[in-house]
Amino acid sequence: MGAHQLILAAAAGAVSLAICAVLWALAQRGRGQGRVRALLDRIAALEARAEAAQASAEAFDSALLAVEDGRAMLASGEESLRTCAAALGVEAADPQALVNALMRADPDHTRRLRALFERGEACAFEVQGPAGAVSVEGRAAGALAWLRLSAVMGEDAGLPTAPRFAAFLNTRECPAWIAAADGSPVWVNAAWLKAVDAHSLDEAAERGAAFDRAVDSFASEAANLGQRRETTRWVTVGGRRVAFNITAQPLEGGGVGVWTDDVTDLEETREHLKRNVEAHDETLNHIAEAVAIFSHAKKLIFHNVAFAELWGLEPAWLAEQPSHSEILDRLRQRRRLPETADYGRWKAAELDRYEQLASSPDDLWSLPDGRTLKVVRQPHPMGGLLLLFSDITGELKLKAQYNALIQVQQATLDKLSDAVAVFGSDGRLRLHNDAFARFWNLTPTALEAAGDFEGVVDLCVPKLHDLGFWRELKGRVADPDPQARAPMSGEVRTSDARIVAYQSRPLPDGATLIAFTDITDTRKLESALAAREAALDEAERLKRDFVGNVSYELRTPLTTIIGYSELLERSGDGLSERGRAHAAAVKAAATQLARSIDDVLDMAQIDADEMALDLEDVRVAELLMQTAVRWAKEAEAMRVSILVERPDDIGVIRGDSRRLSQILNHLVENALRQTPPGGTVTVAARRALGEIQLQVSDTGRGIPFHVQAHIFDRFIGRERGGPGLGLALVKALTELHGGWVALESEPGAGATFTCHLPEEAHAAVAQPELGFAH
């Protein structure tokens with residue numbers, strides 16, 4: 001590149017640089033002018049805000065002081081500053097002098113102001129001066145401390161500031177708050193927050209917590225009506241039901257002030273009193289006596305149901321609370337008052353009892369309808385008179401009956417041969433008969449003078465020296481322990497060789513009856529009877545042994561006779577027809593004799609309570625069939641038919657099969673004897689009304705009526721031989737099974753014997769294990 005080109009390039013660069021510099025300078029000038037305009041606008045805004053702050057401070061009668069490094073300066077409110085200085089008695093309206101006066105007013109104020117100046121802690125308090133009060137509110141902003149002073153002069157000088165009043169309400173133990181027109185709280189005290197378990201009103205609002213929704217509605221209602229409202233509500237606070245007296249007062253400028261008072265004790269006392277009154281009235285309504293309570297104005301304020309029923313008065317009329325005089329007049333019209341010659345005087349005397357302070361003596365009214373009333377009058381604690389009417393007509397009648405009963409009782413005791421005395425629980429002798437005085441050889445005068453148990457014992461000791469006996473008997477009389485007063489009986493011997501039986505019995509009224517009986521002759525007779533009974537037992541034993549020995553001795557030859565007779569019957573042609581008949585007769589007689597011996601032994605066992613049943617399940621149908629088969633040959637020989645009747649479901653019976661067969665055998669044998677040829681004997685069984693009935697009936701000649709009453713006695717019916725124990729044994733064996741036997745017969749129409757055996761045996765009549773199965 002040449003020199004000329006270099007010069008041109010340099011010139012072009014210089015021109016470009018100059019142009020850029022000019023453009024940059026123009027741009028910087030524009031920005032500078034914009035900043036100047038912005039600063040001017042800001043200054044104008046600040047001046048406007050300062051003027052507004054000055055105007056607002058002066059508009060609300062407050063002085064604003066700025067304090068820096070302990071030096072106070074007036075920011076606004078010169079007029080208010082002079083007012084505050086006058087209220088505190090400061091001559092010069094100087095900011096510093098006013099601050100010094102504030103610090104001198106109270107040590108607490110000094111502490112709060114120093115904390116504001118040195119550490120920037122906000123404060124608010126009120127200073128009372130000679131001419132008024134000054135409200136002080138301090139805040140810190142940057143390096144400056146600001147004080148706003150407001151003077152309170154004239155009638156408002158005694159009113160607390162809002163913070164002071166809020167602090168005062170905050171100390172209340174009961175909730176208090178300010179609510180908006182819709183009832184929602186806008187300011188609450190600490191007790192309200194504690195009641196809803198919140199740290200602040202904002203927190204409570206977030207959780208939707210409220211002291212009581214009904215109270216909020218109540219406050220809204222007071223705000224809308226513009227009237228003071230008051231009510232009582234039960235609210236749950238801290239898990240406990242508390243009664244609050246709630247007052248809602250509309251406030252000036254809008255809103256409602258609500259405060260509460262804990263009236264739980266008062267409400268509980270009121271409820272308790274109400275329940276007591278209701279319980280008292282209910283109690284009076286349940287008693288039989290008629291009760292009426294009149295006020296001090298002689299008006300009926302209470303009556304129970306018995307009062308209306310006693311006098312036959314209408315409940316609706318009584319509910320109108322008539323006067324005592326009106327009630328007496330109505331009763332007189334209906335002839336329900338005692339008859340008197342001068343009713344006006346009698347009525348005046350009744351009404352004059354309101355003036356008496358002491359209780360009147362009880363009175364008795366005899367009514368025209370024959371009733372007798374006991375009237376009790378008492379001054380009522382609340383004023384007025386209480387009347388109690390008791391219908392004692394029945395009581396008087398019972399008392400007369402009681403006196404008559406006592407007289408009858410005394411006369412009855414006097415007719416007894418036993419010596420009887422009645423002692424009260426206090427040991428006093430209440431009653432005795434003439435036999436008691438004769439028994440102990442005492443005079444009635446001596447018994448009356450003795451008075452109590454100890455005195456009677458002193459009179460009786462010469463006849464009965466055992467003091468231990470008397471002490472034990474005294475315990476039965478005077479000891480209050482029910483166990484000690486248990487009945488007592490025994491025998492003692494007296495000094496005159498008598499045997500005396502005694503007994504004590506507690507009576508329902510707490511008294512004790514003591515009776516003495518001379519049993520000397522009785523004991524002698526008992527000794528004689530005991531000796532005779534021992535002799536009879538010995539005779540019975542000898543009889544039983546004799547019967548047993550004789551029966552045993554007879555069995556051996558009988559067995560031999562029966563055996564040889566059977567051998568002769570089977571001897572064939574070696575014995576003639578007549579001989580075989582004689583052998584059969586011998587066998588029949590021996591068999592009959594063996595059966596009679598068995599019956600005698602069985603009856604002896606039953607009499608001695610030595611017979612035991614061999615219990616087992618016995619099929620009733622098989623029992624009947626076996627009996628029919630057993631007697632079929634004899635019945636055929638006698639040309640008598642044997643029929644068996646029984647239902648298919650007769651089942652089984654729990655009993656001794658051998659003894660049950662023995663019962664049926666005796667009954668069938670007896671029926672065959674009584675039935676003529678061509679007749680019928682029926683053996684039947686049925687189940688009815690919880691029992692099994694074994695029945696044997698015949699079409700024989702029947703049993704005469706005079707014999708039926710003794711048919712089951714021993715040794716009855718011996719026309720055909722034997723000891724006559726068959727039917728007696730039937731009765732004994734049936735009863736041993738827990739049953740009973742019955743007879744139905746008419747002469748010429750046959751007879752029916754029925755053994756009633758229970759399905760479930762009773763221990764009182766038979767072995768407890770007896771029973772029947774189906």
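Student: What share of the contacts in the chain with a separation of 6 or more comes from residues 24 or more positions apart?

Tutor: This is a predicted model. In the chain, 48% of the contacts with a separation of 6 or more are between residues 24 or more positions apart.

Student: What does the chain contain in helices and strands, and how much of the chain counts as buried?

Tutor: There are 25 helices and 28 strands. Of the 774 residues, 36% count as buried.

Student: Why is Ser-220 called buried?

Tutor: The relative accessible area of Ser-220 is 14%. Buried means under 20%, and 14% is under that cut-off, so Ser-220 is buried. Ser-220 lies in helix H8, which covers residues 213-225.

Student: Which residues does Ser-220 touch, leaving out those up to four places away in sequence?

Tutor: With those left out, Ser-220 touches Ala-181, Asp-182 and Gly-183.

Student: Is Asp-265 buried or exposed, and how do you know?

Tutor: Asp-265 has a relative accessible area of 59%. Exposed means over 50%, so Asp-265 is exposed. Asp-265 sits in helix H9, residues 264-286.

Student: What makes the patch with Asp-265 negative?

Tutor: The patch is formed by Glu-173, Asp-262, Asp-265 and Glu-268. Asp and Glu count as negative, so the patch is a negative one.

Terms used: Residues numbered from 1 in each chain as written. Predicted model: local features only at pLDDT ≥ 70, side-chain atom pairs only at ≥ 80, totals over all residues. Heavy atoms only, no water. Patch = residues over 30% accessible without salt bridge, like charges linked within 9 Å, V, L, I, M, F, W, Y side chains within 5 Å. Areas by Shrake-Rupley, 256 points an atom, 1.4 Å probe, with all protein chains shown as cover. Salt bridge = Lys/Arg side-chain N within 4 Å of Asp/Glu carboxyl O. Charge placed at Lys NZ, Arg CZ, Asp CG, Glu CD. Helix = DSSP H or I, 4+ residues; strand = E, 2+ residues; numbered from the N terminus. Buried < 20%, exposed > 50% of the residue type's maximum accessible area, 1.4 Å probe, protein only. Contact = heavy atoms within 4.5 Å.
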